[in-house]
Every structure is written in C-alpha cells, then in structure tokens.
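Me: I have a structure open and want to learn how to read it. Can we go through it step by step?

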Amino acid sequence: MTTTQPRSRMTGIGRVLVIVYAVMALAATGRSFVQIVRRFDEAPLAYSLSALAAVVYVIATLGLVFARRRGWYTVAWVAIVFELAGVLVVGVLSLTVPELFQHDSVWSVFGRGYLFIPLVLPMFGIWWLRVHRPAARPAAKTAEVNA
Amino acid sequence: MILWFTSVQIVVAVAAGLFAVIVGLMGRRPSDYTVGALAVVELLLIVQVIVAIIAPLAGNPPTGDLLEFWVYLISAVLLPLGGVTWALLERSRWSTVILGLLAFAVAIMLWRMEVIWTIQVA
C-alpha cells in the first residue's frame, strides 16, 4: 500500500540518524575526555557539562538503536528531550551569562562548535521517535524490520 | 602535521563525502566506488598516523596538545572503518549516504587536527 514505502524509507533515515548520534557521542566523549584530563580545574562547570552531554549522546544512540523495544524507546525520549533542553539552556546561558561558560562545551552557543548539529539533532530525533512508536506497529511489521 | 598533505587529505575526504552522499540520495547501494572512496580516505588517515608519529622526531613538533590531537586522529581512523562495516552489513542506499557523512566528519576532524598542531589561540 501507499504507507509501506515511506515507512521503510524513514527507517532508513533512522539509520542515518543513529550514525550521526554515534559520531556526536564519539566526538563529545573524546573532547570531554581531553578536557577533563588536561584542565578540569579551569572550568569545572563547562567540562562537567561536556562529560554529561557525552553520556547523554551515548544513551540517546543506544536508545535509538534499540528503539523498537518499549523500554529503550522511553530511554531514547528522555535522553533526546534532555539533550534538547540542555542545548537550549546552555545556549541561552552562554550568551547571557558568558562568564559561566568561558570554556567551550558541546552545547555552548547552541552547539556552534559543532555546526549547530547539537541543536538540530534532537529535533530530528523527536520527529523520528514520534513517527516510530513501537506500540503503533503491527507485530509482523516489527518482525520484518528486525529480520 | 604537513600542511600540504593535510590539505590534499581534506580535499579527498570532502570529494568522497560529496560523491557518496549524492550517489546515495540517488538511491544507489554501497558499491566498489563508494566503499573504495572511503578506503582511500582511510588509507590517507593511516599515512597521517605515520606522519604524526615521525613529524615530532623530525623537527616538526606540535604546538598544541598532543593528547587532544591523538584523540581526534584515532577517532577519525575509526569512522571509515565503522562506515564500511555498516555498508557491508546493510546494503541500502542510506548506507551510502552514511559513508558520505562519515567522510565529511573526517574532513572536519582533519581541519581541527591541523589547527591543534599549528595554531594556538591561548
């Protein structure tokens, strides 16, 4: 039918989303590792946030990979909403109270250092999760996707 | 790092990225050409690893943080490997797009590495 084609296509785009999340998780983890090892004392708040952001990206990646299972679907939601809130709050604070964030974190100025991907990614993620509710799917469809 | 080599590498990575994203959006599955383009990117990264080991010994030391540099370089080396593995496991056109996006990520990371190696703002 007509609904089958776009749905399988979005599953495909979902894969791209997962990969972009995985790359962001890798980038954020690598960066916060370096920041914490080298100069944690200089900006404990910004660098703690970087580490937190890295953890959230890892969790969001896993959540999206296993989003077909109900528990992970919820995990993905929580992680992605947290991520969106984080990038918005830190983005605003880094502009209004710059002395808090003199050192860059992933979310400073809405993720400018990462081509604003941190700002766009959670919106894309929320859209994808809304379209892919696990309960909304017939079992056969899920089995087919799993195969 | 060697500026001209890094520049060539970035150009190759961007070209591979454009090629794979365009071909992928046109609906092609990963082919010898797209996977091959990523293999070239990976090969150049391995050369870059060798350059980065030898350069400090040959009187071309980094001005920035070597730890940060290596975190970037090792991450960059992993990206094409991951993408190609994915492309072999799932032969859909989105895998081709993913190959391209990873090549772009490598290009950005190389630029960051060159900055870490040569330019210091602090």
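Me: At what angle do the axes of H3(B) and H4(B) cross, and within what distance do they come?

Reply: Start with the general idea. Two packed helices are described by the angle between their axes and the distance between the axes. Now this case, which is a predicted model. The axes of H3(B) and H4(B) cross at roughly 170° and come within 9 Å. Angles over 145 degrees count as roughly antiparallel. H3(B) and H4(B) are therefore roughly antiparallel to each other.

Me: Which residues make that contact?

Reply: Look along both helices. From H3(B), the residues include B:Phe69, B:Tyr72, B:Leu73, B:Leu79 and B:Trp86. From H4(B), they include B:Ile98, B:Leu102, B:Met109, B:Met113 and B:Trp117. By class, the contact of H3(B) with H4(B) has 18 nonpolar, 3 polar and 2 charged residues.

Me: How do H2(B) and H3(B) cross?

Reply: Read the angle and the distance again. H2(B) covers residues 32-54, and its axis crosses that of H3(B) at roughly 160°. The two axes come within 10 Å. H2(B) and H3(B) are therefore roughly antiparallel to each other. Their crossing is left-handed.

Me: Which residues of H2(B) and H3(B) meet?

Reply: On the H2(B) side, find B:Val35, B:Leu38, B:Leu45 and B:Val49, among others. On the H3(B) side, the list includes B:Leu73, B:Val77, B:Leu81 and B:Val84. The contact of H2(B) with H3(B) counts 13 nonpolar residues, 2 polar and 1 charged. Notice B:Leu73. It meets H2(B), and it is also in the contact of H3(B) with H4(B).

Me: What about H1(B) and H2(B): at what angle do their axes cross?

Reply: At roughly 160°, with the axes coming within 9 Å. H1(B) spans residues 3-25. The angle makes H1(B) roughly antiparallel to H2(B). Here too, the crossing is left-handed. Residues that meet include B:Phe5, B:Val12 and B:Phe19 from H1(B), and B:Leu38, B:Val41 and B:Leu44 from H2(B). This contact has 13 nonpolar residues, 3 polar and no charged.

Me: How many helices and strands does chain B have?

Reply: Chain B has 4 helices and 0 strands. Its pattern along the sequence is α-α-α-α. Then check the overall size. The radius of gyration of chain B is 15 Å, close to the 14 Å that the globule rule gives for 122 residues, so chain B is as compact as a globular protein of that length. Along its principal axes, the C-alpha trace spans about 45 × 20 × 20 Å.

Me: How many residues does each chain bring to the contact between chain A and chain B?

Reply: Take the two sides in turn. Chain A brings 13 residues and chain B brings 13 residues. On the chain B side, H3(B) and H4(B) each supply at least two residues. H3(B) gives the most, with 6 residues. By class, the side of chain B that touches chain A has 9 nonpolar, 2 polar and 2 charged residues.

Me: What are the mean pLDDT values of chain A and chain B?

Reply: Read confidence chain by chain. Chain B has a mean pLDDT of 90, and 98% of its residues reach 70 or more. Chain A has a mean of 80, with 83% of its residues at 70 or more. The model as a whole scores ipTM 0.76 and pTM 0.79.

Notes: Residues numbered from 1 in each chain as written. Chains lettered and ligands numbered in written order. Predicted model: local features only at pLDDT ≥ 70, side-chain atom pairs only at ≥ 80, totals over all residues. Contact = placed C-beta atoms within 7 Å. Nonpolar A, V, L, I, M, F, W, Y, C, P; charged D, E, K, R; others polar. pLDDT = per-residue confidence, 0-100. Axes fitted to C-alpha atoms, helices over the stretch in contact; angles between N-to-C directions. Parallel < 35°, antiparallel > 145°, perpendicular 65-115°, else oblique. Left-handed = near helix turned anticlockwise from the far one by under 90°. Rg over C-alpha atoms; globule rule 2.2 N^0.38 Å.
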